Amino acid sequence: MPAEAPDLARWLQDAAVPEPALTAAQRAVLHAAFRFLQRCGRDYYSVRLLSHFLLHCQAGLKVAQVARLLGLSRSAASAQQGLSSKEVVQAAHHRLAGRSHGKLLPRFAGPIAQFLHHHPEATRWDLLDFIRCTWGVSVSRVALHRFLTKYGLDRAGAVVPLPKPGGASPAQPPAAPPPPAPAAGPRAFTAAADSVGLPAAVPPREDGPLPLPAPEFFLPRPGTPAPSCCYPRPSTGSPSPRTASRTPTAPCGAGC
Amino acid sequence: MRRGLLTSAFAPVVGLARVFHLDQMDDRGFALLSGGRSCPSRHFIGGWRRHLRWQEVDAFCRRTCPWDLLTGDDALVSFDDHAIPRWTRKFSIRKGYVTTRNKYMRCEKLFYGYHVGCDRYLCVRGAPGHVELRDLALPLTRRVLQYGRPRHLHALFDANAGKSDADVRALLELAARTPNLTVTLRACRYPSRVRAWKQLPSGLFTCYEEPGAYVGAPPKEIRLAQTRTTLKGESAEQAVRTIVCRELVPGPKKDRWHPLYTSSAAEPEEVLDAFRLRQHHEQGYRVGVYDQCLDGVPCGYDKDSPDPQRPRFHRGPLQMVGWLIALVYNAVADLAAWLPDRFHGAHVGTLRRALFERPGQLYCTPEALIVYLDPFGGQEALVPLIDFVNGQQRRIPWLENRRLVLSLTPAGPARQRGP
């Protein structure tokens, strides 16, 4: 039982939350939160779970009030606002793993680039999990941020796989959102547009007509600098002596 | 210039045999290696090669020779030529003897100096087909002495360097004038000389046994003797020390005689052992021909010559590409020294098959070009090398100075730690 919060009124008073101004729903939520703290204590994980609940339960509590109630800084509470429950659990796992150990080596950049390309929506926590599962290395978020910045992997859509020979584009994520604009960065490589897109393999209906391939499938139209009518009529030339009909040698008159 | 040089340098690495093979080359990795984002045109590269001036090529060769291998050290250097046959009928170029075809035909030659102790090429000189080793033996030896500055140089030559007694005398005189130079060359087996060597008393010969040609084969027997050979027009006091090696061949075949002229005062067996290392040089030529397409170097005769019967000779293209191939040979040998023991001394083709030609994926970010290799057997052997290369933080100037990062596919998921 924490000694610094003997009862609900004192807890609210210490946090400068006026009790008369609370609605019935807010009072009920805070009452439950107070009991939760009394029951589970004020360790990191309890406070983290409770703050996530209070920030996302739509009870109308302000971020500053939640921060004061739980003893957090205003900025820390604000940073937790947009997180999903999965990310909160991942953060808790990361803290549970203890101190960071291991080092992010440059040769890890390839698998990380592939991971980011295949999972463009992945969060930093997902990436930390991937690193820990792949190499058994637990690194801090700061170290990961520096690593990603160093190798240009920090910007979404900045990882561009160069197409392989023959125009075969690399494997795309199965349910990935539409690819970002190729010129995401100031020096982004715009080679992703090299590959020719074929229509998706949709099974055609038996009685319906076959779908036409995309226009890129066909060869470009031959370009002519001017309409063909502007050119002189092509000459077929004179027939070769062998194929030319022989001049009739019939006598034109009696004197010939 | 950059694209021409990079393409010519990386072509022997990836096994691009001829410049017109660039027409079919469609590899993004090679495009990046060659300094662009698409593979270069054969016309561009061929034009760059054809217009190389010999003065600039000589300067390039001079500045890239690995003289540090022998500076202040005892060096065993072999000098030999490699004949590149030419089949042109339009241009009447000079003929020379092509050993591998055993015929006198149109050809061009590359003369190399080769450090047989380190297995590295040292210097090069391109020449028309009629130029022989005896014409360039002295200049090449002087160049190695001048630029390499070894503590002691033991120069090895094939019989081509001593076709005439005057050539032998010139080499031996150079050795006599230079205190830190020893010369050993195989003597030409002219019938009169062979007859004289065969008449040496048997008591002069010392028998040695060597391992046979294969495991379990009977040992080979060789007999060594040292004598002195009087060259043409010289007195008996000027006779040259000669090591006569007789290799006994069982059966009806004749014995093989290998006479060596030498200025060395070492024991005959030591001289023979040193001369036998010259085989590494010949092996280097085989690696060059079969793994690096050495015979595909651009021709030296000028195809724009007004008179095809007397074409001009341009040393630049021939010598430049020949030297780039030698530099690639040296670089691959340096790379093999980084790898595990099983790769030490591996040929270019072996390393290309095992390490270079690997599928993978290139990821281009605003800051780096990440080369991500697909998994392959034995890739763990590359980890120290890749860490070293990544640690050097190399950048690619022609790709907006992006950092080059090499990556391997992780072997498997590591065991998750913690609860």
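User: In what order do the elements of chain A run from the N terminus on?
Analyst: This is a predicted model. In chain A the order from the N terminus is α-α-α-α-α-α-α-α-α-β, that is, nine helices and one strand.

User: And how many helices and strands in chain B?
Analyst: Chain B has twelve helices and 14 strands. Its C-alpha atoms fill a box of roughly 85 × 70 × 45 Å along the principal axes.

User: What share of each chain counts as buried?
Analyst: For chain A, 19% of the 256 residues. For chain B, 36% of the 419 residues.

User: Ok, domains. How is chain A divided?
Analyst: Chain A is split into domain 1 (8–82) and domain 2 (95–150). The C-alpha centres of these two domains are separated by 32 Å.

User: And chain B? Which stretches go to which domain?
Analyst: Domain 1 covers 1–51, domain 2 covers 53–158 + 278–355, and domain 3 covers 358–407. Between domain 1 and domain 3 of chain B, the C-alpha centres are 21 Å apart.

User: Back to that strand in chain A. What does strand 1 of chain A pair with?
Analyst: It pairs with strand 11 (residues 360–364) of chain B; two bridges join them and they run antiparallel. One bridge pair is P161(A) with Y363(B).

User: Which sheet is that part of, and in what order do the strands come?
Analyst: An open sheet of five strands, in the order 1(A)-11(B)-12(B)-14(B)-13(B), with mixed pairing. The edges are strand 1 (160–161) of chain A and strand 13 (395–396) of chain B, each of which pairs on one side only.

User: What holds strands together in general?
Analyst: Strands of a sheet pair through backbone hydrogen bonds, either parallel or antiparallel.

User: Which helix lies across this sheet's strands?
Analyst: Helix 7 (residues 109–118) of chain A. It lies across strand 1 of chain A and strands 11, 12 (368–373) and 14 (402–407) of chain B, and it runs at about 95° to strand 12 of chain B.

User: Other strands in chain B: how is strand 8 of chain B joined to strand 9?
Analyst: By eight bridges; strand 8 and strand 9 (residues 240–247) of chain B run antiparallel. In that pairing R228(B) stands opposite R241(B).

User: And how many bridges join strand 7 to strand 8 of chain B?
Analyst: Five bridges join strand 7 (residues 206–210) to strand 8 (residues 220–229) of chain B, again antiparallel. E210(B) has K220(B) as its bridge partner there.

User: Now the cores. In the largest nonpolar core, which residues touch the most other members?
Analyst: V77(B) and Y329(B), in a core of 67 residues. Helix 10 (residues 315–338) of chain B gives the most to this core, with 13 residues. Apart from this core lies another one of 36 residues, with A109(A), W135(A), L382(B) and L406(B) among them.

User: What does Y329(B) touch?
Analyst: Leaving out residues up to four places away in sequence, Y329(B) touches Y121(B), G284(B), V287(B), G288(B), Q292(B) and V348(B).

User: Where is L69(B)?
Analyst: L69(B) is in the loop between helix 4 (54–64) and strand 1 (74–85) of chain B.

User: Why does L69(B) count as partly exposed?
Analyst: Because L69(B) has 18 C-beta neighbours inside 10 Å, and a residue needs 20 or more to be buried, while 12 or fewer makes it exposed.

User: What does L69(B) touch?
Analyst: H115(B), C118(B) and R120(B), not counting residues up to four places away in sequence. L69(B) and C118(B) are 49 residues apart in sequence, and their C-alpha atoms are 7.8 Å apart.

User: Last topic, helix 3 of chain A. Which of its residues are buried?
Analyst: L50(A), S51(A), H52(A), L54(A) and L55(A) are buried. The cover over the buried residues of helix 3 includes helix 2 (24–40), helix 4 (63–70), helix 5 (74–79) and helix 6 (85–96) of chain A.

User: What should helix 3 of chain A span, at 1.5 Å a residue?
Analyst: Helix 3 (residues 44–56) of chain A has 13 residues, so it should span 18 Å, and its end C-alpha atoms are 18 Å apart, which agrees.

User: What follows helix 3 of chain A?
Analyst: Q58(A), with a positive phi near 55°.

Notes
Residues are numbered from 1 along each chain as its sequence is written. Chains are lettered from A and ligands numbered from 1 in the order in which they are written. This is a predicted model: local features need pLDDT of at least 70, side-chain atom pairs count only at pLDDT 80 or more; totals for chains, interfaces and linings use all residues. Domain bounds come from an automatic or database domain assignment. A nonpolar core is a set of buried Ala, Val, Leu, Ile, Met, Phe, Trp, Tyr and Cys residues joined through C-beta atoms within 7 Å. Helices (H or I, at least four residues) and strands (E, at least two) are DSSP runs, numbered from the N terminus. Two residues are in contact if their C-beta atoms, placed from the backbone, lie within 7 Å. Two strands pair if DSSP finds at least two bridges between them. Axes are lines fitted to C-alpha atoms, for helices over the stretch in contact, and angles run from 0 to 180 degrees between N-to-C directions. The expected span of a helix is 1.5 Å times one less than its number of residues.
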